[in-house]
Amino acid sequence: MLDREIIPLHIAVIMDGNGRWAKKRGLPRVMGHRAGMKSVREVIKSCRELGIRYLTLYAFSSENWKRPKEEVETLMRFLNEYIDKELPSFIKNGIKLNFIGRMDGLPDFVRPRLKKATEETKDCGGMTLNVALNYSGRSEIIDAAKKFASQVKAGKRDIEDLDEGSFGGFLYTAGQPDPDLLIRTSGEMRISNFLLWQISYAELYVTPKLWPDFRKSDLISAVAEYQKRERRFGA
Ligand code: IPE
Ligand code: IPE
Ligand code: MG
């Protein structure tokens with residue numbers, strides 16, 4: 001049973017293991033990505049039901065361009081398809097979409113969809129869903145440093161204005177609380193360049209479950225484990 005009083009405000013997920021899921025079944029990797037879309041739907045819905053206010057999903061890293069061209073293209077097509085299919089339900093359920101990463105590096109056939117989804121959900125107040133695409137934690141920090149530096153150069157800011165609080169305002173997640181819980185599926189014990197700044201004090205939860213097998217009950221197990229942790233923040 002979950003304690004309704006200590007529900008994390010923000011959950012971040014490294015959705016890993018689609019390729020392994022497909023391989024186990026003798027299927028092409030892209031079938032694993034297709035199957036993973038069901039888990040995405042279920043996790044979004046379950047987070048909304050649990051009253052999670054922010055959910056961040058790692059969908060495509062800046063390093064993932066190194067994969068075979070067909071796989072990358074299929075992933076981008078699935079993304080379009082997913083948005084077309086789910087946008088009405090995001091609006092209906094008050095889910096605001098926010099894409100994080102270097103959007104200008106994404107293909108032309110994807111960007112208009114993202115823009116449309118962002119605009120059409122901008123007034124939704126139930127939950128914010130960040131989808132990380134062409135995302136790199138280090139690039140995000142560099143982009144933030146550049147934004148700050150250009151404001152200094154323009155005379156709008158003073159170097160002394162920069163501290164840990166104000167720096168967060170230059171990140172892609174400006175105005176949002178940091179993740180309380182970071183979930184990674186498929187057992188890998190690494191961060192893979194995800195939200196480097198924001199996860200300073202996140203509780204980590206790694207499950208051997210492959211992403212396409214991850215269901216509501218697994219999310220609940222992760223939150224239950226989170227509720228057992230004693231968060232000390234260095235104190
Ligand atoms: C995660 O699954 C999905 C993306 C990174 C897009 P993988 O494709 O990394 O699956 P594995 O790690 O090879 O099993
Ligand atoms: C991390 O998974 C990126 C996403 C889930 C989108 P990867 O499979 O790309 O990471 P590594 O290669 O295991 O570090
Ligand atoms: Mg992987």
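Predicted model: local features only at pLDDT ≥ 70, side-chain atom pairs only at ≥ 80, totals over all residues.

A: A pocket here is an open set of points on a 1 Å grid over the protein atoms alone, where a 1.4 Å probe fits, with protein on both sides within 12 Å along at least five of seven lines; lining residues have an atom within 4 Å of a point. H2 gives the most to this lining, five residues, and both H2 and H3 supply at least two. Helices (H or I, at least four residues) and strands (E, at least two) are DSSP runs, numbered from the N terminus. By type, the lining divides into four nonpolar, two polar and five charged residues. Ala, Val, Leu, Ile, Met, Phe, Trp, Tyr, Cys and Pro count as nonpolar, Asp, Glu, Lys and Arg as charged, and the others, Gly among them, as polar. The volume of this second largest pocket is about 180 Å³, taken as the space filled by probe spheres set on the points, with grid points joined across faces, edges and corners.

Now for the largest pocket: its volume is about 810 Å³. Of its 38 lining residues, Met15, Asn18, Tyr58, Ala59 and Phe60 are the closest to the centre. Elements giving two or more residues to this lining include helix H2 (29-50) and helix H3 (69-92), with H3 providing the largest share, seven residues. The lining holds 22 nonpolar, eight polar and eight charged residues.

A note on reading this: residues are numbered from 1 along each chain as its sequence is written, and chains are lettered from A and ligands numbered from 1 in the order in which they are written. Local features need pLDDT of at least 70 and side-chain atom pairs count only at pLDDT 80 or more, while totals for chains, interfaces and linings use all residues, and side-chain values use heavy atoms, leaving out hydrogens and water.
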